[in-house]
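Biologist: Can you take me through this model? I would like to go through it piece by piece.

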Amino acid sequence: MIKKPSKNTELLSDKPHSKGAVAPPIYQSSLFIFDRYEDLQKFYAGESKQPIYSRVTNPTVELFEEKMALLENGEAAAAFASGMGAISNVVLGLVQQGDRIVAVNNIYPDTYRLLKQICHKFGVKADFVDGDNLKKIEEKIKGAKLIYLESPSTWVMEEQNLREIAKLASKHNVISVIDNSWASPIYQNPIDHGIDIVVHSASKYLSGHSDVVAGVAIGSKEIITKIKNETAILLGAKLSANEASLLLRGLRTLKLRLKQHEENGLYIANKLVEHKLVKKVNHPAIQKNNISSLQGYGSLMSFEVADRVNIPSFCDALTLFRLGVSWGGYESLIIPAIVGIKKGGKDNSAVDFGISDNVIRIFVGLEDKKDLWSDLENAFQKAKG
Ligand SMILES: *Cc1c(COP(=O)(O)O)cnc(C)c1O
């Protein structure tokens, strides 16, 4: 009997492309023409799948969607122009005036503002809850429309018990959504644990080279079709064929890259734990809990430095770690919480969730792990008061 190929192998084995092209063609076309009146009629009757217009669907984008559905063990996927495009289309596509959303604390700052501001503006209330308190979660989701998770979460890297929360959501007829960008589909498949919809910022690990901004949502055929047809077409945050092509390229090395990110990240996290100027390391392997559904680790983490560390000097002393937002590409990055906290403003998640001034977030890239550690060690040396 022939064994079914693994997901990683299947990712590469597309149906033959036009003219034998081994890389998927980029369908750089806004519209697609029909041979005959009858074909057009069939399309409008919903009897044909031919692409018509790239705001609705595009063959290069569709191939990326198929692969993402495969990777996340979902039935279907919808791609978007950004992670926020995916998140806003999912949320706005599934709620209506008078509904209530429950979200865990420490979600991505712009998701927080989407819930606090845009949803609020349209009469949808958002409640926030400690992600590791199942009792509180059950109390709050009664009568809610949607529960929004991010595991591990932003800044503090806290995990949620996906299986138990999915059970509660299903018991109370609440749609469950999770941001799975941190783990990527290589290290966590929330649909296997009963979660309804997975969203990703494809700008991070999926693209993997810091040259794309994109997003994707994966779930049942029914729910994804509803989001596509009723919301995505109208909000218009569509993914371009060019960026879909870069994402398809990124997916081919996703597993390999994640393996190296995991190794480098664990090495740095363990070194940080031992450093006398570090008070705490927020990385799921260090925090250790018995509810984890991670099958491996991403390399985005944060740590809290001792008060005598001068954070601006620390940042400026680094040569390999670059000061910058986002993450998921080749290069290691650093961003201190204090910069965002100082910004103040309404609905500032770092302030509202009580992130400490001493927290620094790092993304461990694909450089040599020993070089990266000596860069950090040197910066501690220069920044200690
Ligand atoms: C970056 C990010 C987002 C937003 O994605 P964009 O592609 O920047 O819109 C959402 N969630 C998490 C966890 C992220 O890191």
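Modeller: What follows is a short talk about the ligand, the cores and some single residues.

Biologist: What should I know before reading any values?

Modeller: This is a predicted model, so local features need pLDDT of at least 70 and side-chain atom pairs count only at pLDDT 80 or more, while totals for chains, interfaces and linings use all residues. Residues are numbered from 1 along each chain as its sequence is written, and side-chain values use heavy atoms, with hydrogens and water left out.

Biologist: Ligand, then. Which residues surround the ligand?

Modeller: The shell consists of Ser82, Gly83, Met84, Ile87, Tyr108, Glu150, Asp179, Ser201, Ser203, Lys204, Ala214 and Trp327. A residue is near a molecule if one of its heavy atoms lies within 4 Å of it.

Biologist: How does the shell divide into nonpolar, polar and charged?

Modeller: There are 5 nonpolar, 4 polar and 3 charged residues. Here Ala, Val, Leu, Ile, Met, Phe, Trp, Tyr, Cys and Pro count as nonpolar, Asp, Glu, Lys and Arg as charged, and the others, Gly among them, as polar.

Biologist: Which helix gives the most to the shell?

Modeller: Helix α4, residues 83-94, with 3 residues. Helices (H or I, at least four residues) and strands (E, at least two) are DSSP runs, numbered from the N terminus.

Biologist: And which polar side-chain atoms lie by a nitrogen or oxygen atom of the ligand?

Modeller: Asp179 has a polar side-chain atom 2.6 Å from a ligand nitrogen atom. For Lys204, the distance is 2.7 Å to an oxygen atom of the ligand, and for Trp327 it is 3.1 Å, also to an oxygen atom. A polar contact is a pair of N or O atoms within 3.5 Å; within protein, one must be able to donate a hydrogen and the other to accept it, and residues adjacent in sequence count only if both atoms are side-chain atoms.

Biologist: How much of the ligand does the protein bury?

Modeller: The protein buries 88% of the 380 Å² that the ligand exposes when taken alone. Those areas come from the Shrake-Rupley method with a 1.4 Å probe; for residues, only the protein chains shown count as cover.

Biologist: Changing topic. Which residues touch the most other members in the largest nonpolar core?

Modeller: Phe64, Met68, Leu115, Ile147, Tyr148 and Ile197 do, in a core of 82 residues. Helix α3, residues 59-71, supplies the largest share of this core, 6 residues. A nonpolar core is a set of buried Ala, Val, Leu, Ile, Met, Phe, Trp, Tyr and Cys residues joined through side-chain atoms within 4.5 Å. Buried means under 20% relative accessible area, exposed over 50%, and partly exposed in between (1.4 Å probe, protein chains only).

Biologist: What is Phe64 in contact with?

Modeller: Leaving aside neighbours within four places in sequence, Phe64 is in contact with Ala79, Ala202, Val216, Leu239, Ala244, Leu247, Leu248 and Leu251. Contact means heavy atoms within 4.5 Å. Apart from the 82-residue core lies another core, of 28 residues, including Ala306, Val309, Leu318 and Phe380.

Biologist: Back to helix α3. Is Glu66 buried or partly exposed?

Modeller: Glu66, which is in helix α3, is partly exposed at a relative accessible area of 43%.

Biologist: And His261, buried or exposed?

Modeller: His261 counts as buried, because its relative accessibility is 0%. His261 sits in helix α11, residues 254-274. Not counting residues up to four places away in sequence, His261 touches Tyr205, Ser299, Gly328, Gly329, Phe363, Val364, Gly365 and Leu366.

Biologist: Where is Tyr330?

Modeller: Tyr330 is in the loop between β10 (322-323) and β11 (333-336). Tyr330 is partly exposed, at 44%. Beyond four places in sequence, Tyr330 is in contact with Gly208, Gly365, Leu366 and Glu367.

Biologist: Last topic, the backbone. Which residues does a cis peptide bond join?

Modeller: Ser151 and Pro152, with omega about -5°. Pro152 lies in the loop between β4 (146-150) and α7 (162-171).

Biologist: What is phi for Lys19?

Modeller: Phi of Lys19 is near 60°, a positive value in a residue other than glycine. Lys19 counts as exposed, because its relative accessibility is 86%. Ser210, also not a glycine, has a positive phi of about 55°, and Ser210 is partly exposed at 46%.
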